[in-house]
Amino acid sequence: MLSTLWKTTKWLMLLLLLLIAAGGTAAVYFWNHSDELLRTALLDGIKKWAPDVTPQLGRCRVDLLGRVHLDDFSLTLSGDAAPFVALPEAVIDLDRDAFLQRQEVVIQNVELGRPQVLLSRDSDGRWNFQK
């Protein structure tokens, strides 16, 4: 009886260790790829929100406080060569509860570092962002 209990306990411990290893591996994978997953989701969301705009994003990362850091972000209008909005750096504070519970992105604060906006008007008097 004691031998059977020992074997069962040994197999349960081995199973528990395998589950912990698998969970740890998954956590490390998502931690290492979270920046790229977030970058792809942001670019897709911008393309849906503004289909005539081409977004570009150099690097995207989330810090330990849950803030999203964007590096080298720009928006280019279709038909233009240069971006009309360029943000070398931006920090976005998200509502973490809304994101974690409902996967909803609710922006609470945006900090822009060295923003550049290129506005031009054509001969008809229309601004480049109005096209």
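Helices (H or I, at least four residues) and strands (E, at least two) are taken here as DSSP runs, numbered from the N terminus. The model is predicted, so local features need pLDDT of at least 70 and side-chain atom pairs count only at pLDDT 80 or more, while totals for chains, interfaces and linings use all residues. Residues are numbered from 1 along each chain as its sequence is written, and side-chain values use heavy atoms, with hydrogens and water left out.

**View 1. Overall fold and dimensions of the predicted protein.** The protein has 2 helices and 5 strands, which follow one another from the N terminus in the order α-β-β-β-α-β-β. Its radius of gyration, taken over C-alpha atoms, is 24 Å, whereas a compact globule of 131 residues would have a value near 14 Å, the globule rule being 2.2 Å times the number of residues to the power 0.38. Along the principal axes, the C-alpha atoms fill a box of roughly 95 × 25 × 25 Å. Buried residues, meaning those under 20% relative accessible area with a 1.4 Å probe and protein chains only, make up 24% of the 131 residues.

**View 2. The largest nonpolar core and the surroundings of cysteine 60.** A nonpolar core is a set of buried Ala, Val, Leu, Ile, Met, Phe, Trp, Tyr and Cys residues joined through side-chain atoms within 4.5 Å. The largest such core has 18 residues, and those with the most contacts inside it are Leu57, Cys60, Val68, Leu70, Phe73 and Leu75. Helix H1 (2–49), strand S1 (53–62), strand S2 (67–77) and strand S3 each supply at least two residues of this core. With contact defined as heavy atoms within 4.5 Å, and leaving aside neighbours within four places in sequence, cysteine 60 is in contact with Asp35, Leu38, Arg39, Leu42, Val68, His69 and Leu70.

**View 3. Valine 91 in strand S3.** Valine 91 is found in strand S3, which spans residues 85–94, and is buried, with a relative accessible area of 15%. Not counting residues up to four places away in sequence, valine 91 touches Arg67, Val68, His69, Asn109, Val110 and Glu111. The C-alpha atoms of valine 91 and arginine 126, which are 35 residues apart along the chain, are separated by 31 Å.

**View 4. Glycine 113 in strand S4.** Glycine 113 is found in strand S4, residues 107–113, and counts as buried at 15% relative accessibility. Residues up to four places away in sequence being left out, glycine 113 touches Pro88 and Glu89. Between the C-alpha atoms of glycine 113 and histidine 33, 80 residues apart along the chain, the separation is 25 Å.

Methods: Buried means under 20% relative accessible area, exposed over 50%, partly exposed in between (1.4 Å probe, protein chains only).
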